[in-house]
Amino acid sequence: MGNVYDAILLGAKRVGHGLGYVKHPYLMEVLKKKNIAIEVNPVSNKMLGYVADQRHHPAITYLRYGIPIVLGSDDPATFGYDEFTVDWYEAFMSWGLNLADLRHLAFNSLRYSSLSSSEKNVAYNKWTLSYDNFILNTKTVACKQIFQNTSPQIFRIFPQEGDLKGGTKIQVFGRNFHVAICKKIVCNFGDIKTIGTFVYSHRITCNSPDLSHSMTIIRAFSHGVYRDTGDPLYLRFLVNIFSYLIHGTIGQFGYTNRRRRKRSKEQHYATQHYATHASDHTPNEQIVYSYLEFLKWEEFNRTRDDFPPARPIKLHIADIKQSKIYKLLKRFPKGGNMHLHHNHVVSKLKMLDLIFASPLYDNLYVKTGPPKQWNMDFFLNPPAGWAKVKENSTYTKDILVQHSTFLGIIDDKAINDPTDSGLRWKEIGPLFSVIGSHIINNANFTKLYMDAVLQAAIDENVQYLEAKSSAYNKLYVLDRDTKYASKNGKHFIDNDYGELELKMVEEVIKKFKGSHPNFIGYKRIVNSYRGGKINYVGQDVQKALRLYEKYPNLVSGFDLVSEEDRGYSLLFFLEDFSKITVQNLTLPYFFHDGETNWPDDLMTSLHDDDPVPTMDNLYDAILLGAKRVGHGIGYVKHPYLMEVLKKNKIAVEVNPISNKMLGYVADQRHHPAITYLRYGIPVILGSDDPGTFGYDEFTVDWYEAFMSWGLTLADLRHLALNSLQYSSLSSSEKIAAIQKWNKLYNDFIINTKGSACSESFQNTVPQVFRIFPQEGHVTGGTNIQVFGRNFQVAICQKIICRFGNIITKGRYVYNNRIVCKSPNQPQTTNGVTTNHVPFSVSLDGGHTFLSKTFTFSYLQRPRVSITDHGIGK
Ligand SMILES: [Zn+2]
């Protein structure tokens with residue numbers, strides 16, 4: 001990664017590939033300002049293993065950020081794909097490119113070429129001519145196209161209301177609108193017509209006319225959705241219901257305008273900011289940091305040809321947990337686990353242990369065949385097709401765990417198609433109910449489970465949790481009264497709002513905090529399901545609001561869960577959210593948002609009445625005032641929205657392992673979280689469903705992030721602090737929480753420093769291979785990089801650099817690098833000034849010096865060719 005700096009410092013006109021720049025927003029800014037183009041080679045990158053899935057190519061981030069992009073094909077003949085158009089096909093299909101983008105890419109290729117200015121002018125003219133021809137020819141083809149068996153339909157319009165003065169842009173959602181590509185679209189508002197705009201085959205927009213001078217207020221029209229007038233030039237249709245508002249409201253109409261402004265701002269977006277958090281280390285932290293980096297390096301050396309963060313989790317999970325760096329990270333005080341689904345936190349083995357050890361074991365049953373095979377539940381009298389687990393040798397804990405976890409059932413498909421997220425969801429979907437709410441809602445198990453949730457946090461050195469759970473946690477007990485026989489003995493005892501469950505949870509937290517003074521707390525986010533219809537979600541929003549008001553210390557807000565690509569969009573539920581705004585009430589939102597691989601322009605939704613790309617949720621979560629967003633994978637493709645997240649301090653809940661297991665990140669080294677972190681967006685970590693995924697331990701997320709994102713100790717510290725800073729704790733709770741965390745962190749630093757300084761580093765002989773630069777100005781102050789190996793022996797030692805007979809203090813950077821600063825004194829030997837002195841290094845405070853000696857030269861005037869380019873930390 002050092003090259004990303006050096007190419008710029010060496011004044012490169014263009015850089016090839018440039019995949020690493022996305023991890024350095026500051027350097028992206030430099031590329032943009034200096035007009036340094038990136039040569040992007042989509043197919044080569046995929047074939048050589050730098051981009052697993054074209055939808056994740058950083059080129060789209062560069063393009064939207066304003067960095068000049070040009071396309072290339074690298075070695076098409078040797079790769080064997082031969083045609084450059086393959087690169088264009090993949091880019092066009094997966095990056096969300098429009099025609100203007102294609103035109104821009106083609107034009108850029110000439111603009112950032114090595115042609116002289118006069119040659120460029122000739123080239124532009126030639127290209128413009130071909131482009132114009134292409135447009136004319138393609139237009140002809142498009143307009144001749146016969147769309148057979150295609151009848152356009154309208155399903156929904158949004159908004160359904162607008163100002164009397166007109167000018168409201170109405171989205172008309174439907175299908176088969178492509179028949180209108182070459183036609184004029186007319187929108188009828190009563191008897192008044194306006195011209196519509198084709199957006200997509202699922203969407204048209206109509207501008208409402210000005211009715212302020214008219215006496216008629218149009219309320220409703222016929223429901224006739226589409227009417228073919230027989231006129232080949234006009235496609236006419238009736239908008240089904242459109243109301244004019246006499247008074248402005250803060251409902252949908254105002255919202256659409258805000259939405260439009262957000263979009264148009266994006267087009268004028270020019271970024272000025274990048275930033276990072278504090279990166280300083282105290283002397284003790286410096287030792288711990290050096291030690292962590294050393295362990296990271298050891299782990300990297302051990303695994304570099306089969307690097308766990310780049311591989312499916314199943315292959316390495318056991319191995320990861322045994323590593324030295326993992327064991328150390330497990331002890332790191334992590335603050336909060338900020339994205340969790342309550343019913344899927346505790347390891348399945350632990351849950352079975354608890355059940356097997358309690359009287360509940362007598363009532364545990366498992367479904368023996370499909371559908372819902374392996375589902376477990378408690379009954380007095382089981383329904384047909386369920387077998388008693390107790391004393392049944394078929395159903396051992398191991399077998400049950402295997403069939404209740406994602407790791408247990410995942411097969412080679414996940415290895416071969418690591419980004420097939422749709423398939424991953426189909427596989428994991430049924431597992432959510434195997435050992436799920438049926439088990440946890442048994443009132444005799446609810447508290448045991450809750451206690452295990454908190455204990456699992458302590459085991460990972462996590463002090464705080466925010467977990468999502470449905471609004472339907474109705475508890476039951478098994479009751480022998482005959483009136484419950486028809487429900488297999490289940491006697492539901494909780495009210496519709498699940499308040500008994502909340503009370504039990506509160507009780508367990510209180511008790512747990514008493515016995516674990518370092519534990520900070522737990523909060524609940526009420527969730528509904530994206531697949532739900534409007535009424536269903538609307539009710540849940542109201543439920544969440546009521547619980548939020550009644551249990552302010554426990555319930556912190558609302559979320560929508562399940563597969564985002566298949567569910568309804570946030571826009572679809574707007575009415576439910578605007579009801580709350582209109583009543584002047586508040587309900588904090590923590591939406592799952594941007595958990596998608598797809599580009600902006602592909603309609604992922606399967607719902608006729610909601611043909612909206614998943615990526616639209618990125619805007620809506622922000623506009624609805626979300627406090628945090630879950631996953632947020634898609635934001636990296638929208639630098640402008642990244643800027644908004646940063647400015648509005650909207651935290652992104654990042655779930656590294658979940659993202660990999662569900663196919664949103666094929667390789668942890670490409671996780672967009674590092675871009676967010678370096679850009680200054682608040683990032684917090686979560687583990688989503690560790691129990692049901694089967695990896696159980698949150699430290700696995702920290703391990704992969706630490707190993708593959710280039711994180712320092714200051715970054716780890718920042719992530720932990722962020723988790724509390726961006727939590728739902730009140731300001732006074734936050735102060736107390738951060739105090740608790742600080743104490744744990746300081747303990748961690750002292751203890752780890754102890755381990756680092758007592759490390760024996762056996763069979764380790766430090767060696768120096770090269771110093772750079774080998775010369776510096778007589779006034780001193782040149783940073784000399786000393787490259788070698790096994791410098792880790794100096795982590796807790798004083799490093800001395802000797803220039804002739806003058807010594808300076810060296811700085812440990814890495815186990816293969818030390819930095820020495822040249823002294824500012826002229827060197828004299830026998831009274832004669834010399835320009836060349838021997839240079840050596842001591843790693844034990846000057847007692848012994850490493851055997852290899854170099855010559856360092858003093859220059860009377862600085863040379864231009866060698867600069868201290870500031871690599872290292
Ligand atoms: Zn989630």
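Biologist: What value in degrees about the S-S bond belongs to the link of Cys757 and Cys796?
Modeller: The value is -80 degrees, and the link is left-handed. Because Cys757 belongs to helix 30 (residues 731-758) and Cys796 to the loop between strand 27 (783-789) and strand 28 (800-803), the pair ties together parts 39 residues apart in sequence. Helices (H or I, at least four residues) and strands (E, at least two) are DSSP runs, numbered from the N terminus. The model is predicted, local features need pLDDT of at least 70, side-chain atom pairs count only at pLDDT 80 or more, and totals for chains, interfaces and linings use all residues. Residues are numbered from 1 along each chain as its sequence is written, and side-chain values use heavy atoms, leaving out hydrogens and water.

Biologist: Why is the pair of Cys757 and Cys796 called a disulfide?
Modeller: A disulfide requires two cysteine sulfur atoms within 2.5 Å. The sulfur atoms of Cys757 and Cys796 are 1.9 Å apart, so the pair qualifies.

Biologist: Why is Cys757 called partly exposed?
Modeller: Buried means under 20% relative accessible area and exposed over 50%, with partly exposed in between (1.4 Å probe, protein chains only). Cys757 has 38% relative accessibility, so the term partly exposed applies. Cys796, at 27%, is also partly exposed.

Biologist: What makes Cys801 and Cys820 buried?
Modeller: Cys801 has 0% relative accessibility and therefore counts as buried. Cys820 counts as buried for its value of 0%.
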